[in-house]
Amino acid sequence: MLDERLKQVLTRKMTAGDYCSQRFFSYMPLLQKEYCLYMIENNIYDAPYVILQIVKDWCNERNKDIAEKYNFHEKIKSAIDEIRNFYNVLCTMSDDYNKNSFKTTIEYCIMVQNISLKNYLDIVKICKPYHDKLNSKLEHRVKNFKRKFEMVLQGRIKIAAFYENEIVEQKRMLELLLSRIDEFDENQLPIFVISYDLKKLANTMI
């Protein structure tokens with residue numbers, strides 16, 4: 001992603017009413033401190049520009065952390081493949097439902113059980129040096145999907161309701177998320193995490 005577009009992403013207003021930069025600053029207050037120091041030390045007070053610079057520097061450090069622990073390219077690819085796999089499961093279930101062939105078979109159970117964000121969440125953990133917990137929207141989506149599917153197996157949710165309220169919505173959101181991931185370069189995945197995958201902290205003041 002080019003700098004001008006990245007600057008827009010990092011400073012955009014979120015659906016919840018806060019700004020993207022407010023959200024990652026609330027998780028990483030030391031990054032906000034670096035933002036203030038950068039302005040003072042360089043006598044530059046263009047907020048979007050400064051946010052872009054400190055986030056790019058932060059991302060370079062996180063990429064070094066990833067490379068120290070893992071095979072960098074393999075880890076990034078595996079992380080993105082996990083998200084695509086979740087999306088593919090949703091597509092399979094959606095297609096089967098529209099063909100009137102949706103059944104709670106062992107194949108579905110295996111597919112859902114195999115949905116994992118392990119590699120992606122390893123990167124999320126590396127992206128949270130200043131806060132005890134980084135709330136990932138993707139992690140919540142997977143947990144919620146698995147919980148609702150279990151309720152279908154138990155007969156507590158009808159398949160039609162599961163399709164309308166879970167599969168359709170999750171598929172729509174994953175399509176949007178994957179289109180956003182595609183905008184980022186491989187070495188910008190940490191920026192994607194703090195730009196699009198942070199849940200708003202309950203105590204964040206707007």
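The largest pocket holds about 480 Å³ of space (a pocket is an open set of points on a 1 Å grid over the protein atoms alone, where a 1.4 Å probe fits, with protein on both sides within 12 Å along at least five of seven lines; the volume is the space filled by probe spheres set on the points). The model is predicted, so local features need pLDDT of at least 70 and side-chain atom pairs count only at pLDDT 80 or more, while totals for chains, interfaces and linings use all residues. Residues are numbered from 1 along each chain as its sequence is written, and side-chain values use heavy atoms, with hydrogens and water left out.

Lining the largest pocket are 18 residues (each with an atom within 4 Å of a point), and Thr15, Arg23, Lys137, Met173 and Tyr196 lie nearest its centre. Helix α9 supplies the largest share of that lining, five residues.

Turning to the rings, twelve aromatic pairs turn up across the whole structure (Phe, Tyr or Trp rings, the six-membered one for Trp, with centres within 6.5 Å; stacked under 30 degrees between planes, edge-to-face over 60, tilted for the rest). Phe24 and Phe25 sit 5.2 Å apart by ring centres with planes at 75°, so this pair is edge-to-face. Phe25 also makes a tilted pair with Tyr35, at 5.4 Å centre to centre and 45° between planes. Phe25 is buried at 7% relative accessible area (buried means under 20%, exposed over 50%, partly exposed in between, with a 1.4 Å probe and protein chains only), and Tyr35 is buried at 16%.

How values were computed. Helix = DSSP H or I, 4+ residues; strand = E, 2+ residues; numbered from the N terminus.
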